[in-house]
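Please open the model in your viewer and keep the selection tool at hand. The tour moves from one selection to the next.

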Amino acid sequence: MSRASEERNRAMLRARDAMDARYDQRLDLAALARLACCSESHLIRSFRATFGETPHRYLQRRRVERAMHLLRTTPTSVTDVCWAVGFASLGTFVRTFVRVVGETPTAYRARGPLPPVPACFAMAWLRPSGFGEAEDAAAALASRAC
Amino acid sequence: MLTSLTITSLYVLDQDQALDFYVGTLGLEVATDADLGFMRWLTVRVPGETREILLERPGPPALDPATAEQVRDLVTKGATGGLFFQTDDVQATWDALRAKGVELPEEPVERDYGTDFGFRDPFGNHVRVAQPRG
C-alpha cells in the first residue's frame, strides 16, 4: 500500500459520494472523472479496483437501494419510485430490481414499513450486495410468470 | 453496570491535519493533547460535552506496519467508522462549513428522523450532522 493508492482511494471515494448524492441523475462519467482528477477510462478501472465493481453497477445498486427504501417508507407508486431513483424506463427498473433483490417491487413493498435509521446506515446496509445472488430467485419468478 | 460512553476512537492518517479539521474547521475543542512518547494522545470533544473522540494514527506499536497499511487503506476507502453530530440549525451549519471550504457532496435532506447531511473528513471518515425533528 502506498500513499499514491491512498490518494486513489480518496479520489474514488469522492466519485462514489457524488453518485450517492446524485443517484437520481444520469450517470455522468465525465463529471465524475473531473471530480476524481482522471480520465473516464481510468475512473472506471480505478473504481473497479477500489470498490470491486464499475461505477455503473454501483449506481444501479444505489438506485435499487433508494427504491427499496421508498417502497417501504412511502406510498409512492412503483412507477413514480422508478422515476424518483433515476431509472428512465419502468421495464428496466423492474427487471433490475428483480435481478438484484430477487422479488418484484410490489412483493418487496408487501414486507411492511422500515424503521427510521440514519441515512448513511440505510444506504450502506440496505444496498443489496450484488446482482448474482438474486439470479436464481429471478429465474424462479420468471418461470412462474410464464 | 455501565454508566456512560467516554471515549470513541477514530483512525486518522495525520493528527495535525485531523486537529486542524476537527477543531479548526468543525469547531470541536481539544480535550487532551499529550505526548506519551510511544504515541500522541489526542482527544477532541464538542464544547460542553464530556464524550471525547480519540484521533488515533494507525501504526506501531499498537499495529504492525502491515496492519497499519491495511487500516489506512480501509480509512481512505471510507470503510471504517464515522461520527454523528447533532446541531440545532442544520442549514446554518452546512452554510458555515461550505464557507470554510469543506467538501460537501450533499445538501441537507429532510428524513424521517430530522434533517441531515454527510461529508468526509480529510482522510475518508464519514461525518454526519443532523438536526432532529422538532
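How many residue pairs are in polar contact between chain A and chain B? The count is eight residue pairs, both residues at pLDDT 80 or more; a polar contact is a pair of N or O atoms within 3.5 Å, where within protein one must be able to donate a hydrogen and the other to accept it, and residues adjacent in sequence count only if both atoms are side-chain atoms.

This is a predicted model, in which local features need pLDDT of at least 70, side-chain atom pairs count only at pLDDT 80 or more, and totals for chains, interfaces and linings use all residues. Residues are numbered from 1 along each chain as its sequence is written, chains are lettered from A and ligands numbered from 1 in the order in which they are written, and side-chain values use heavy atoms, leaving out hydrogens and water.

Next, select A:Cys37. A:Cys37 is exposed, with a relative accessible area of 71% (exposed means over 50%, buried under 20%, partly exposed in between; 1.4 Å probe, protein chains only). A:Cys37 is in no disulfide (a pair of cysteine sulfur atoms within 2.5 Å); its nearest cysteine sulfur, in A:Cys38, is 7.6 Å away.

Last, select B:Val90, B:Trp94 and B:Leu97. These are the buried residues of helix α3 (residues 90-99) of chain B.

Technical notes: Helix = DSSP H or I, 4+ residues; strand = E, 2+ residues; numbered from the N terminus.
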